[in-house]
Amino acid sequence: MLEIGTLKLKNWLIMAPMSGITNFPFRLIAKRAGAGLVTTEMVSAMGLTRNHERTFRYLSSSPEERPLSVQIFGSDPHVMAMATEIVVEAGADIVDINMGCPARKVVKTGAGGALLRAPDKVKGIISAVRKACPVPLTVKIRSGWSPGQTVACETARIIEGCGADAVTIHPRFVTQGFSGNADWEIISKIKAQSRIPVIGNGDVSDPPRALAMKRETGCDGVMIGRGAIGNPWIFKQILDLEKGLEPTTPELSERKAIILEHFRLLSDLMGEKRASKVMRGFLLWYTKGLPHSSRFRGSFTGIKDFNTMITAMDSYFITLTGSSEIPISKTNSMDYQIFQHETRAGRER
Ligand SMILES: Cc1cc2nc3c(=O)[nH]c(=O)nc-3n(C[C@H](O)[C@H](O)[C@H](O)COP(=O)(O)O)c2cc1C
């Protein structure tokens with residue numbers, strides 16, 4: 001079990017924040033598939049404090065996915081503290097600060113990965129957020145800004161010194177993006193010096209790699225990003241492997257039920273038309289490695305409505321199984337409840 005501050009998680013596996021990916025439908029699927037903690041995509045602290053409606057949409061969540069970690073980014077301690085109050089009010093069980101994002105639009109404002117070049121700002125932000133944050137606080141960092149400038153250990157010391165409850169390290173440099181390999185040695189070094197839990201992240205693409213990261217680095221938790229896209233069952237597979245059980249891949253019928261559920265949740269969140277567009281991307285991942293998947297994905301181009309997409313999916317899966325079992329359009333979706341958060345201005349209207 002992994003404990004972050006006062007929060008006891010059901011296991012040591014964490015779904016990584018991924019912008020454009022880890023919205024509430026994705027997180028709910030990951031949670032049902034066994035993740036101990038799920039994280040929102042990064043949310044702009046400035047957007048929250050300025051009451052931008054679009055930014056508030058990132059806070060849509062469901063009680064079933066809790067505990068929920070909400071990741072915020074920004075470069076101004078005061079704004080970050082205000083954003084913390086907003087996300088806690090909206091139901092965050094953990095507040096996570098992004099100190100690793102390499103996106104140009106983020107680093108040019110001095111936020112995300114740019115903070116790794118500004119230790120005083122790191123101190124200022126974490127101290128201000130800590131004061132405003134009644135729930136556990138975590139910080140996610142990279143190795144440093146660019147190769148030759150490793151600051152992860154010093155930064156982790158500052159993070160712990162300022163009262164954060166855990167640190168997550170994705171050991172690549174900001175300028176590297178996703179190229180090269182994650183340097184797990186840095187996770188080991190941070191673990192060796194820290195009293196707070198250390199969460200390792202980077203290149204866990206299959207269940208054996210998750211166990212290897214834990215064993216080799218001694219980290220307390222493992223965060224998984226790309227390895228869970230279209231492959232949410234990785235969480236249960238890891239937990240099975242840890243217990244000495246053979247990890248199993250879901251039957252086709254289970255896989256298609258998950259795809260459909262994902263689609264339904266997306267449609268409820270963003271409407272059918274947009275969900276169809278977003279789902280096309282996910283289908284690439286969900287059907288990766290299955291027979292004739294590229295032909296099937298090609299057949300999706302141009303489809304904009306839910307029913308046509310479901311019919312196409314049904315016929316693909318029937319081709320795969322060679323059976324006339326229940327089409328996915330007839331399977332039951334699980335009940336869930338969704339909380340959407342209005343901007344403060346919206347509520348005051
Ligand atoms: C599409 C995408 C979006 C991401 N968005 C975020 C983000 O919003 N916040 C963040 O801290 N990291 C973000 N990341 C980085 C991941 O959280 C993670 O650190 C990285 O993918 C390495 O882990 P992995 O090898 O398990 O994928 C993103 C990664 C991807 C692929």
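Which of the 16 residues around the ligand come nearest? Select Ser-19, Gln-71, Asn-201, Asp-203 and Arg-226 and you have them on screen; a residue counts as near when one of its heavy atoms lies within 4 Å of the molecule.

Before going on, note that this is a predicted model, in which local features need pLDDT of at least 70, side-chain atom pairs count only at pLDDT 80 or more, and totals for chains, interfaces and linings use all residues. Numbering starts from 1 along each chain as its sequence is written, and side-chain values use heavy atoms, with hydrogens and water left out.

At Ser-19, a polar backbone atom is 2.7 Å from a ligand nitrogen. Move to Arg-226, where a polar side-chain atom lies 2.7 Å from a ligand oxygen. At Asp-203, a polar backbone atom is 2.7 Å from an oxygen of the ligand. The protein covers 86% of the 600 Å² of accessible area that the ligand has on its own (Shrake-Rupley method, 1.4 Å probe).

Next, select helix H1, residues 24-32 (helices are DSSP runs of H or I, at least four residues; strands are runs of E, at least two). Because 8 of its 9 residues are buried, H1 is largely enclosed by the rest of the structure; buried means under 20% relative accessible area, with a 1.4 Å probe and protein chains only. Among the buried ones are Phe-24, Phe-26, Arg-27 and Lys-31.

Finish just after H1 at Gly-34, with its positive phi of about 120°.

Terms used:
Buried < 20%, exposed > 50% of the residue type's maximum accessible area, 1.4 Å probe, protein only. Polar contact = N/O pair within 3.5 Å; in protein donor to acceptor, adjacent residues only side chain to side chain.
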